[in-house]
Amino acid sequence: MGGNHDHTRTDHPEEFDHPEEHGHHEHHELGFWRKYVFSVDHKVIGIQYSITALLFLFFGFCLMMIMRWQLAFPEQPLPFLGALLGDGMPGGVMLPDFYNELGAMHGTIMVFLGVVPLAVGGFGNFVVPLQIGAPDMAFPRLNMFSYHVYWIGGVVMLASFFLPGGAANSGWTAYPPLSVIATIGQTFWLLGMVFLITSSLFGAINFITTIIQLRAPGLSFMRLPFFVWAQFVTAFLLLLAFPPLEGAAILQLMDRLADTSFFMPSGLVVSGQVLELSGGGSPILWQHLFWFLAHPEVYVLILPAMGIVSEIIANNTRKPLWGYKSLVYALVFLGFMSFIVWAHHMFITGMGTAMAAFFQTTTMIISIPSVIILTALLLSLWGASIRFNTPMLFALAFLPMFGIGGLTGLPLGLTATDIPLHDTYYVIGHFHYVVAPGTIFALMAGVYYWFPKATGRRMNEFLGKLHFWPSLIFMNGIFFPMLIQGMAGVSRRLYDGGAIYDFAQDTLYLNQVMSYSAWGLGLVQIPFIFNFFWSIWKGAKVGRNPWQATTLEWLAPSPPPHGNFETVPEVYRGPYEYNVPGSGDDGYIPQYKSKGGGE
């Protein structure tokens with residue numbers, strides 16, 4: 001199936017209606033607000049998402065570093081900063097409620113405000129239209145609106161730290177009944193979630209329409225770069241999984257504000273008093289609705305990461321991706337299966353054996369496409385002459401880190417092993433291996449890889465490697481000990497780091513190992529931050545295609561102008577024609593080169 005072969009300006013109705021915004025022949029200067037704040041250019045919006053998400057990630061990471069002090073040195077005052085943190089840390093010593101606030105907000109910020117907006121809003125917005133040869137997203141104004149709704153949701157959430165009672169403290173899963181009787185910070189958490197989910201839904205509709213409608217002539221689905229496929233499947237996950245959670249968030253808001261009882265059981269006793277409410281609700285209902293979204297959400301995190309890593313591995317091995325079609329089919333199957341595994345998060349709720357068996361089986365099945373993708377990427381390395389630049393190092397590190405994350409997840413998909421491991425640090429270690437050294441390494445690889453396209457300059461390689469190697473060591477220093485502590489039975493919900501457990505005393509020294517590693521990880525981000533900003537102005541200038549890549553984004557100037565391409569590109573071949581016999585000294589043929597070799 002081909003793309004839109006009649007690729008005229010009428011293919012892009014909003015561009016046709018508003019040539020001043022997207023016509024690549026228009027060069028009049030926009031004002032500051034239109035150019036940087038209320039831009040409808042997908043590249044500017046992608047950069048807005050990226051920078052905002054990176055700031056949220058930094059804030060969420062800081063919360064974790066404060067928590068790690070408490071876990072490593074319980075009851076001891078936090079030096080310097082502790083006295084500044086107000087009522088939550090009198091005398092610099094952390095109170096349990098404040099620890100709960102930091103835990104809930106760390107999880108929420110990293111997942112919903114950091115990694116997903118960076119992977120989908122940032123990379124998706126910037127790269128997808130370029131890779132499919134489109135001048136912009138299908139609905140540019142909706143795109144701008146999505147970003148601003150996301151930003152407002154983030155501000156609402158962070159503002160809750162300044163409320164009486166502080167921010168939400170019921171965990172990032174917001175389980176009732178605790179969340180319904182929590183302080184007003186939980187109301188802001190729910191409002192923030194409604195904004196974030198609405199933003200994601202608008203974005204998902206935009207991505208699906210753009211990829212279906214605005215592909216360049218000749219760009220069939222089986223010629224799409226794997227990153228575009230990853231964003232395409234991710235958009236469907238967001239579109240189908242988020243509405244149940246948005247509905248659930250509104251119902252929980254009603255429980256809090258209108259005294260309904262969707263999630264509140266009868267006869268609830270709080271602080272020795274029977275709570276007066278109509279009752280009859282089910283806390284388990286919330287868990288179903290939450291995990292119906294939250295399990296696909298794991299793939300919303302990981303699929304764009306797989307897409308980024310695939311692009312970089314193909315480019316730096318100078319080989320086609322091994323089994324491209326198998327990768328695509330595995331990706332689609334993975335997306336479908338992610339909707340029927342959610343209840344493996346709920347084995348301890350006491351579901352029947354038949355239901356438990358069903359969800360154990362589907363959880364085991366979903367590991368198959370993940371293994372196919374990982375295996376295909378590993379096989380792509382076989383016999384390759386690999387370029388070990390910074391994006392490739394981060395991409396290569398993704399493979400074993402995601403592998404550890406996936407393998408450690410298998411015991412959590414079986415009731416016999418999940419029940420003793422549930423609520424221990426093992427779960428935290430497993431989950432973070434998937435989304436921290438896994439996904440975040442892939443996102444870092446993407447930042448280094450597409451930075452020249454966004455700025456026309458390249459990031460410094462020495463500083464990049466100074467960022468990579470210590471990050472790899474410290475990441476494992478944080479998360480591998482969690483697996484050991486978890487198997488020793490240390491609960492993930494104790495603010496003293498497990499000091500009350502006699503049987504876990506031999507593993508508690510790992511709290512300090514993990515905490516020093518976390519602070520070390522924070523420290524080694526300094527070379528990245530310096531490199532990022534320094535390279536914007538002082539990095540080595542590069543041409544359009546510094547990596548000698550094959551996909552369409554490298555045909556556009558660096559940085560791309562409004563409308564992206566000087567002429568509408570046409571596609572003549574698949575996305576990874578590297579090391580092609582007869583292709584000359586360079587050994588690669590871009591998608592836009594015709595059979596005769598012209599452009």
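Rings of Phe, Tyr and Trp (its six-membered ring) are taken as a pair if their centres lie within 6.5 Å, with planes under 30 degrees apart counted as stacked, over 60 as edge-to-face and the rest as tilted. The model is predicted, and local features need pLDDT of at least 70, side-chain atom pairs count only at pLDDT 80 or more, and totals for chains, interfaces and linings use all residues. Residues are numbered from 1 along each chain as its sequence is written, and side-chain values use heavy atoms, with hydrogens and water left out.

Because phenylalanine 441 belongs to helix α14 (residues 425-455) and phenylalanine 468 to helix α15 (residues 461-487), the pair ties together parts that are 27 residues apart in sequence; helices here are DSSP runs (H or I, at least four residues), numbered from the N terminus. One aromatic cluster includes Phe441 and Phe468 together with Phe394, Tyr448, Phe451, Trp469, Phe528, Phe532 and Phe533.

Charges also meet rings: arginine 215 lies over the face of phenylalanine 221, 4.3 Å from the ring centre, and the charged end of arginine 318 sits over the ring of tyrosine 588, at 5.3 Å from its centre. For such a placement, NZ of Lys or CZ of Arg must be within 6 Å of the ring centre and within 35 degrees of the ring normal.

Technical notes. Helix = DSSP H or I, 4+ residues; strand = E, 2+ residues; numbered from the N terminus.
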